[in-house]
Amino acid sequence: MKRFLIVMLILVAIIGLGVWYLVGEGYVSWEKKEIREFRLPDKQAKNILNISAKYDIPWYYLAAWEEEKYDYTQTTSQELEKIAKAWRSILGEQEATEKNLREVMIQEQSQAKVEKVFQIADAYQWQAEPLTQKYAFPFAPDVRKKVSYSNSWGDPRSFGGKRQHEGIDLFAPMETPLVAVTKGKVVKKGWNTLGGWTVTIQDEEHPQFFYYYAHLHHYPEGLEQGDIVTKGQVIGYVGDSGYGPEGTTGKFAPHLHFGMYVRSGYIALQREAVNPYVFLRMWDPDPKK
Ligand SMILES: [Zn+2]
């Protein structure tokens, strides 16, 4: 009995140390992330991404600085570039980490403003990492010219009760193939009343993100729940399914409803919809349209 207790104690100690290590290293986190309304205009997003690449400063610090100061009410590309250049010259060869940037910013701004900038940046890093152009537009370049969309996020919808549009509609001819925006896992595939035939993919590199494709005509042969799909892989075909019991079609023009959902933590079950418009504009191979 005594030996049993000693073994148990040792086991508990080992497991405790293991969990303590994983939390300390950031592999496990109970932290809840703030999901902010993401209002960065697509034109400004492009400028910010360019300046970010030029001065090797993560875009979310630049966006957060601009949001805190101007709330995107004016175009500030030149001023933002000046700021980025100044930060870079102070940083020298150092990486633009939060710690290093904090030391730079605190020299010119109040503590409260600096805290606000990092609070915004932290939320944006969590909920908008795919803004970088390493992702694919949901339609391959060779069919891009058949696709049209606008910022229909938040538009009123009435089917299934009064609600707001939680995604972007991309109009394209029936059965146009659509592709995965990044590598990920098919976590859900099937019919739902609103979306018709749908696929939900969880981002592999940033598992807090889920991409939702709805109103499909059909799926490619062999696509199953649990599959890992690669960026640019065909995962369905544009249709007009949905707004009723399984098999309902023809209630609206064929289009892809594209939704993006973010979890508020790695172990959180709750997902919040974010506006995919600015992301689509950044991934779009033909952004003039
Ligand atoms: Zn829609």
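Strand 7 (residues 196-203) and strand 8 (residues 209-218) are antiparallel partners, linked by 5 bridges. Here helices (H or I, at least four residues) and strands (E, at least two) are DSSP runs numbered from the N terminus, and two strands count as paired if DSSP finds at least two bridges between them. This is a predicted model, in which local features need pLDDT of at least 70 and side-chain atom pairs count only at pLDDT 80 or more, whereas totals for chains, interfaces and linings use all residues. Residues are numbered from 1 along each chain as its sequence is written.

Tyr211 has Met260 of strand 11 as its bridge partner. A further antiparallel pairing, of 2 bridges, connects strand 8 with strand 10 (residues 234-238); there His218 stands opposite Tyr237.

How far is strand 8 enclosed by the rest of the structure? Strand 8 is largely enclosed, because 8 of its 10 residues are buried. A residue is called buried if 20 or more other C-beta atoms lie within 10 Å of its own, exposed if 12 or fewer do, and partly exposed in between, with C-beta atoms placed from the backbone. His215 belongs to strand 8 and is buried, since 25 other C-beta atoms lie within 10 Å. Although His215 is not a glycine, its phi is positive, at about 70 degrees. Another non-glycine residue with positive phi is Tyr243, at near 65 degrees. Tyr243 sits in the loop between strand 10 and strand 11 and is partly exposed, because it has 17 C-beta neighbours inside 10 Å.

In soluble globular proteins, nonpolar side chains tend to be buried together. The largest nonpolar core here has 59 residues, and those touching the most other members are Tyr60, Tyr61, Leu62, Ala63, Ala64, Tyr211 and Tyr213. This core takes at least three residues from each of domain 1 (42-131) and domain 2 (141-283), the domain bounds coming from an automatic or database domain assignment.

The next element is helix 3 (residues 59-70). Its 12 residues reach 16 Å from first C-alpha to last, close to the expected 16 Å; the expected span is 1.5 Å times one less than the number of residues. Helix 3 is mostly covered, with 9 of its 12 residues buried: Trp59, Tyr60, Tyr61, Leu62, Ala63, Ala64, Trp65, Glu66 and Glu67. The elements that cover these buried residues include helix 2 (42-55), helix 4 (77-91), helix 5 (98-105) and helix 6 (111-128). Contact means that the C-beta atoms of two residues, placed from the backbone, lie within 7 Å. Leaving aside neighbours within four places in sequence, Ala64 contacts Val117, Ile120, Ala121 and Tyr124. Just after helix 3, Asp71 adopts a positive phi of about 55 degrees.

Helix 4 has 15 residues, and its end C-alpha atoms are 21 Å apart, which agrees with the 21 Å it should span at 1.5 Å a residue. Leu80, Ile83 and Ala84 of helix 4 are buried. Seen down the axis, the buried residues of helix 4 fall within an arc of 95 degrees, so they line one face of the helix; the arc is that of the directions from the helix axis to the C-beta atoms. The face turned away from this buried side bears the exposed residues Gln78, Lys82 and Ser89. Helix 2 and helix 3 are among the elements covering the buried residues of helix 4. After helix 4 comes Gly92, with a positive phi near 65 degrees.

Finally, Val104 lies in helix 5. Which residues does Val104 touch, not counting those up to four places away in sequence? They are Trp87, Ile90 and Leu91. Val104 is partly exposed, because 19 other C-beta atoms lie within 10 Å. Between Val104 and Tyr70 there are 20 Å in space, C-alpha to C-alpha, and the two are 34 residues apart in sequence.

Notes:
A nonpolar core is a set of buried Ala, Val, Leu, Ile, Met, Phe, Trp, Tyr and Cys residues joined through C-beta atoms within 7 Å.
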